[in-house]
Amino acid sequence: MPAVTETRETVEKLAKSSYEWGFETDIEMDIAPKGLNEETVRLISARKEEPEWMLEWRLKAFRMWLEMKEPEWAKVSHPPIDYQDAHYFAQPKKKPGPKSLDEVDPELLKTYAKLGIPLHEQALLAGVEGAEEQKRMPVAVDAVFDSVSVATTFRKTLEEAGVIFCPISEAIREHSDLVRQYLGSVVPAGDNFFAALNSAVFTDGSFVYVPKGVRCPMELSTYFRINARNTGQFERTLIIVEERASVSYLEGCTAPQRDENQLHAAVVELIAMDDASIKYSTVQNWYPGDDEGRGGIYNFVTKRGACRGARSKISWTQVETGSSITWKYPSCVLAGEGSVGEFYSVAVTNNHQQADTGTKMIHLAPNTRSTIIAKTISAGKSDSTYRGLVRMQPKARNARNFTQCDSLLIGDQCGAHTVPYIESRNMTARIEHEATTSKISEDQLFYCRSRGLSEEDAVGLIVNGFCREVLKELPMEFAVEAQKLLQISLEGSVG
Amino acid sequence: MSVETTVQTSPGLEAFVGRAAGHGTALAAMGIPTRRAEAWRYTPLRAFADTVWAEAPALSDAQVQALLADLPLPEAGSRVVFANGRKFDVLDSLSESILVSAAEPVDPIEDRFSAVLNAALAQDGLSVRVAAGTDAGMLTLASLTSGDAVSTHLRHRIVLEEGASLTLYDLNAGEGRYVANPRFDIVVGKGARLTHVKLQQDSQTAGHLAIIAASVDAGGNYDSFTLNHGGELARHEVVSTLNAPHAQVHVNGIQIVDGNRLNDLTSMIHHAAPDCGSRQTVKTVLSENGQGVFQGKILVDRIAQKTDGYQMNQALLLSEKAQINSKPELEIYADDVKCSHGATVGALDDEQLFYLRSRGIPEAEARDILVRAFLLDALDLVTDEILRDLLQRSIRA
């Protein structure tokens, strides 16, 4: 079929064009020596000026990690990772805050410009004094520039509302009680190999606390960037939303082009109390490796949300287009009566990318509901797997789950796999699961073409429609970027 | 392919390896899988590993006739009876077209526990070759087991040459606490058709670990249906390969699980050639403390373009303690395919129940009607009317 041939050609062409957001900023770094041992953990803790309990917590995690084996069940393959051959700490050298953008390191500004961050926001990010008062922006940004949050913007506005949004290293020092109470309560340090590694050596990440009854006044956003060569990035995010409070959190990623594989093992923990709601959106576009599959990020992430309160809600939305290997299962533990878990995902793989992603919905309480919509698009020589679990525990009376997994294959060298686990121990719980795998159907193409659309437009329309259920879940700020990413990964064939 | 490499030592394993007398190397190396082995995560073999299973002794005529007495047997066709792993009798003369000879090798299943166990202790089972172009009609294979802490490991070989056809009625029953571990190597030739209808009503305390390797040539059809109805722990495992264009495979089934029993239907449908089709409908009804397992995988190779694969798996839970674990799996490497699967889990619909009761049907009867209706579209897939009728009567019993 010509349309598909063209699509394939265009995809190949696109793959050859270099990574649009592949660039590297040359900034002075404070880097720990390569290697991982107890000393590394102590060094990270010391540099972060952490309290004693935190160091103990890290060391405990590190000892557990030593005992654990790297998981092998995911449908991905990669050369063995040498955990000793990486820097576990990299921090931009501190300078006094610049008075204006003129004093800011021009390399940093260039990076922001390439990322498309508006000038004013750049000033905020670069920590220019007095920039906060100039203008109100609707989005708060916590830029994780390599391992340290360089600046957190809009803190005043958030502080007035009682919302805490800061780097987690700062939270460990300043909101020690909160962190100590909740850190590791959703993803225990020994949960899995990568979570244990993260717990031992995480360098930074974001902390959000929304107090009772507060609707967070703005969307919270982080730009994750991996910048220095050979530094594993271990982000730790902790979001706590109290009764009747709500927050929408945006996480977006781009990374510079480089040759060596980089390990990224983040842990994200969400906690929702009675009637609370958390919406967590991700656009992930890390460097996927070149068209031979060299380089690219290994993205081994543990994301889990606990709906602890009655009628609480956690919603994960993700658009995954980057990374050479993705290993990611944002999950919901539905412990509060009537709580709701949602998972909306678009995963696009091309060239030699491998994605093994999905979700877990653990229904513990009565009347809990969950929805899973997963769209997978495979092209080139890539492999993409949906792996999910829906579990109804004995107390999950009248619980409901609906799951839909659709895969679209473009080209005959790729693979698409669906591995759902469905477990029910309550007769009143109802589970519906459906999965389809197909290419763009000739009927659909014919229908579009008979109405005067060009083949390219028709393919574009169909791919767009294929992902629509997920894209519409994204907040405005991300919808635009997500569409752009899809275009770069696949839809280029349309234009 | 499943990974079943979990090695452990147990009295059961040692006894099996001892009985294998030198053929047990692969079994000793594999061990008896624990729940950490992906293929056995829902079907624990712990109790199985703790028993020393001896070779089942020969049964007397009277014992065999007693076992045969209450079984649902068709009147027509040929019949072969195996009792405690030994060929007891060929009760009706096999029609001349059924020639006994060695089978050709089929796709390897040697990484699967049930096959490894059978390989170590294999006993001669049915060996059938249906000559090209012949319709061999119906053949009843009755496998009966009786005794405590005994096991049988029959190995059957069935070859259908080009254009041949056979209806195999595979009946499993017995008394006591035993393990039946049959293996079938099946080759369906070009344009041939094997209808394999299995009724598994082994004793409520028995173990049943059946494994079937079926390979299907161009235009051939392996049409199978299993009623899993007995056994304390019973797995029916099918590994079928569609080897050439226009081959068809059906792996359908019903599982009715009550008491403290566990019934498991595990299948792998491997599309290794273009233009093939596979259909699978599996329905499980669970009551009391019953546990149901369904693991169905469809694998589509890169060359298997124009594959049409469909899988439906539904479970009905009738009690608070019943449990279903289901893992429908698609692994697809070809782009021009149509593959889908669906799965549902739930209880009887209160509205449907209310509808029937409002028309004067007592609750128990109304429930019964709804359960039978649930099973009907799976049962309808049994193409042989006589066997469908036998299965239906067996479900009611």
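With 11 C-beta neighbours inside 10 Å, Glu49(A) counts as exposed; a residue is termed exposed if 12 or fewer other C-beta atoms lie within 10 Å of its own, buried if there are 20 or more, and partly exposed in between, the C-beta atoms being placed from the backbone. The structure is a predicted model, in which local features need pLDDT of at least 70 and side-chain atom pairs count only at pLDDT 80 or more, whereas totals for chains, interfaces and linings use all residues. Residues are numbered from 1 along each chain as its sequence is written, and chains are lettered from A and ligands numbered from 1 in the order in which they are written.

Glu49(A) is located in the loop between helix 2 (38–47) and helix 3 (52–67) of chain A. Helices (H or I, at least four residues) and strands (E, at least two) are DSSP runs, numbered from the N terminus. Although Glu49(A) is not a glycine, its phi is positive, at about 50 degrees. Most residues other than glycine have a negative phi. A positive phi, near 60 degrees, is also found in Asp275(B), a residue other than glycine. Asp275(B) belongs to the loop between strand 17 (262–271) and strand 18 (277–286) of chain B, and with 17 C-beta neighbours inside 10 Å it counts as partly exposed.

For chain A, an unreviewed UniProt entry lists residues 158–216 as "domain: SUF system FeS cluster assembly SufBD N-terminal". UniProt positions are given in the numbering used here, feature names are shortened, and annotations may be inferred rather than shown by experiment. In the model, residues 158–216 of chain A are 46% helix and 15% strand, and the end C-alpha atoms of the span lie 8 Å apart.

Chain B has 8 helices and 22 strands. Its radius of gyration, 20 Å, is close to the 21 Å that the globule rule gives for 397 residues, so chain B is as compact as a globular protein of that length; the radius is taken over C-alpha atoms, and the rule is 2.2 Å times the number of residues to the power 0.38. Of the 397 residues in chain B, 54% are buried. Contacts require C-beta atoms, placed from the backbone, to lie within 7 Å. Among those in chain B between residues at least 6 apart in sequence, 84% join residues at least 24 apart.

Helix 5 (residues 113–121) of chain B is mostly covered, with 8 of its 9 residues buried. These buried residues pack against helix 1 (11–20) and helix 2 (25–30) of chain B, and against strands of chain B including strand 8 (154–160) and strand 15 (233–242).

Helix 6 (residues 350–358) and helix 7 (residues 363–379) of chain B pack at an angle of about 125 degrees, with their axes 9 Å apart. Axes are lines fitted to C-alpha atoms, for helices over the stretch in contact, and angles run from 0 to 180 degrees between N-to-C directions. Helix 6 and helix 7 of chain B are therefore oblique to each other. The contact involves, among others, Leu353(B) and Leu356(B) of helix 6 and Ala366(B) and Leu370(B) of helix 7.

Val345(B) lies in strand 22 (residues 338–346) of chain B and is buried, with 28 other C-beta atoms within 10 Å. Its C-alpha atom is separated by 4.9 Å from that of Ala315(B), 30 residues apart along the chain. Not counting residues up to four places away in sequence, Val345(B) touches Ile422(A), Ser424(A), Arg430(A) and Ile431(A) of chain A, together with Ala315(B), Leu317(B) and Ile324(B).

Conventions:
Two residues are in contact if their C-beta atoms, placed from the backbone, lie within 7 Å. Angles under 35 degrees count as roughly parallel, over 145 as roughly antiparallel, 65 to 115 as roughly perpendicular and the rest as oblique.
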